[in-house]
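Look at the sequence and the model together.

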Amino acid sequence: EISVLLKGANAFVETLLGLFLLVSTSLNGFLLALLRSELIDDPNDFFARHADQFAQYLTPSFQLYGALYLLSHGVVKLVLVWGLLREKLWAYPASLAVLSLFILYQVIKIVQNHSIPLILLTLFDLVVMWLIWHEYKQLQSHQNP
């Protein structure tokens with residue numbers, strides 16, 4: 001249940017961030033103005049210099065892609081977490097299928113980027129998958145003695 005709740009919290013944050021990106025059309029301009037102001041005050045600010053470089057990539061199409069990506073992940077996971085916490089049998093195979101797709105995508109990104117945080121997230125997802133599968137088998141055995 002703890003791993004499912006963690007996934008639920010992650011889904012909630014993804015959904016909120018996706019909504020924020022969707023409704024904030026001037027995010028890039030706001031970030032650039034904020035960062036430029038900080039860089040004027042302290043040109044050697046490590047965070048501001050790196051964030052300024054990142055903000056250059058926040059085009060409107062990238063922002064829309066990010067919003068849709070986060071919203072789709074967040075909403076799907078919220079529905080699945082709700083089903084798992086309510087012990088709805090349909091939620092178990094659906095969760096396993098969705099997590100499998102997420103893991104496949106993450107493995108592709110790991111091969112491209114060698115991201116340690118993404119490797120850790122993928123390992124966590126594999127553990128969650130095992131826990132979901134294990135609980136699904138237990139529920140099935142209780143329903144079909």
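Which residues are exposed on the other side of α1? Ile2 and Val23 are exposed there. The model is a predicted one.

**Helix α1**

The buried residues of α1 are Ser3, Val4, Lys7, Gly8, Ala11, Glu14, Thr15, Gly18 and Leu21. They cover an arc of only 155° around the axis, so they sit on the same side of α1. Ile2 and Val23 lie on the other side.

The length of α1 also checks out. At 1.5 Å a residue, its 22 residues should span 32 Å, and the end C-alpha atoms are 32 Å apart, which agrees. Helix α5 can be treated likewise: its C-alpha reach, first to last, is close to the expected value.

| Helix | Residues | Number of residues | Expected span | End-to-end C-alpha distance |
|---|---|---|---|---|
| α5 | 91–113 | 23 residues | 33 Å | 32 Å |

**Helix α5**

Which residues of α5 are buried? They are Ala91, Tyr92, Ser95, Leu96, Val98, Leu99, Phe102, Ile103, Gln106 and Ile110. These buried residues pack against α1, α4 (60–85) and α6 (116–143). After α5 comes His114, with a positive phi near 55°.

**The nonpolar core**

The largest nonpolar core holds 16 residues. Those with the most contacts inside it are Leu84, Tyr92, Leu99, Met129 and Ile132. Helices α4, α5 and α6 each supply at least two residues of this core. The largest share, seven residues, comes from α5.

Take Tyr92. Leaving aside neighbours within four places in sequence, Tyr92 is in contact with Leu84, Glu87, Ile132, Glu135, Tyr136 and Leu139. Tyr92 is itself one of the buried residues of α5.

**Asp125**

Is Asp125 buried or exposed? Its relative accessible area is 1%, and buried means under 20%, so Asp125 is buried. Asp125 lies in helix α6.

What does Asp125 contact, apart from its neighbours within four places in sequence? Its contacts are Lys7, Leu99, Ile103 and Gln106. Lys7 is among the buried residues of α1. Leu99, Ile103 and Gln106 are among those of α5.

The Gln106 contact has a polar part: the side chains of Asp125 and Gln106 make a polar contact at 3.3 Å. Asp125 can also be placed relative to Ser100. The two are 25 residues apart in sequence, and their C-alpha atoms are 8.7 Å apart in space.

How values were computed. Residues numbered from 1 in each chain as written. Predicted model: local features only at pLDDT ≥ 70, side-chain atom pairs only at ≥ 80, totals over all residues. Heavy atoms only, no water. Helix = DSSP H or I, 4+ residues; strand = E, 2+ residues; numbered from the N terminus. Expected span 1.5 Å × (residues − 1). Buried < 20%, exposed > 50% of the residue type's maximum accessible area, 1.4 Å probe, protein only. Arc of directions from axis to C-beta. Contact = heavy atoms within 4.5 Å. Core = buried A, V, L, I, M, F, W, Y, C linked by side-chain atoms within 4.5 Å. Polar contact = N/O pair within 3.5 Å; in protein donor to acceptor, adjacent residues only side chain to side chain.
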